Amino acid sequence: MRIDKGFNWFYGAGAGFGSVDFSPIPNKNNPTIAEDPDGGLFVFVAADVGIEYNPDLPIVVSLDFRPELGLIGFKNFDNTLNFDIALGIRYQF
């Protein structure tokens, strides 16, 4: 949605899922035994809010704010509310 002279804002929602498998961690006290960290499936929902600047050039610059909430996860999965921020620069045809 247009704000003013090349500035736009946007919003959206989505979800994601994935799987993670961590490498074993060597035990400092006994190098022959390695600890196997937990891993597995995770599921989250997310929102996205951002602002972009589209000058009279084929480049768009954006700043996104993305809160994510973990729903399902492996034993040590961080299922709290997390925030991500991203700066994007893209070329448009």
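Visitor: Which residue is the bridge partner of Ala 46 in β6?

Guide: That's Glu 68. Before we go on, this is a predicted model, so to speak of local features we need pLDDT of at least 70, side-chain atom pairs count only at pLDDT 80 or more, and totals for chains, interfaces and linings use all residues. Residues are numbered from 1 along each chain as its sequence is written, and side-chain values use heavy atoms, with hydrogens and water left out.

Visitor: What makes β5 and β6 paired strands?

Guide: Two strands pair if DSSP finds at least two bridges between them. Here 9 bridges join β5 to β6 (residues 59-72), so they pair, and they run antiparallel. Strands themselves are DSSP runs of E, at least two residues, numbered from the N terminus. One of the facing positions is Val 45, opposite Leu 69 in β6. A hairpin through 5 residues joins β5 to β6.

Visitor: How do you know that β2 pairs with β5?

Guide: Same test: DSSP has to find at least two bridges. β2 (residues 7-20) and β5 have 14 bridges in the antiparallel sense, so they pass. Gly 14, for one, stands opposite Ala 46 in β5.

Visitor: What is the order of the strands in the open sheet?

Guide: The 5 strands go β1-β2-β5-β6-β7, with antiparallel pairing. β1 (2-4) and β7 are the edge strands, as each pairs on one side only. From one strand to the next, the twist averages 30 degrees (axes are lines fitted to C-alpha atoms, and angles run from 0 to 180 degrees between N-to-C directions).

Visitor: Why is the contact between Glu 52 and Arg 90 called a salt bridge?

Guide: The rule asks for a side-chain nitrogen of Lys or Arg within 4 Å of a carboxyl oxygen of Asp or Glu. The closest N and O atoms of Glu 52 and Arg 90 are 3.3 Å apart, so the pair qualifies. It links distant parts of the chain: Glu 52 sits in β5 (residues 40-53) and Arg 90 in β7 (residues 81-91), 38 residues apart.

Visitor: How many salt bridges does this rule give?

Guide: The count comes to 2. Glu 68 forms one with Arg 66, where the closest N and O atoms are 2.9 Å apart.

Visitor: Why is Glu 68 called buried?

Guide: Buried means under 20% relative accessible area, exposed over 50%, and partly exposed in between (1.4 Å probe, protein chains only). Glu 68 has 17%, so it's buried. Arg 66 has 32%, so Arg 66 is partly exposed.

Visitor: And Glu 52 and Arg 90, what do they count as?

Guide: Glu 52 is at 16%, so it counts as buried. Arg 90 is at 42%, so Arg 90 counts as partly exposed.

Note on methods. Helix = DSSP H or I, 4+ residues; strand = E, 2+ residues; numbered from the N terminus.
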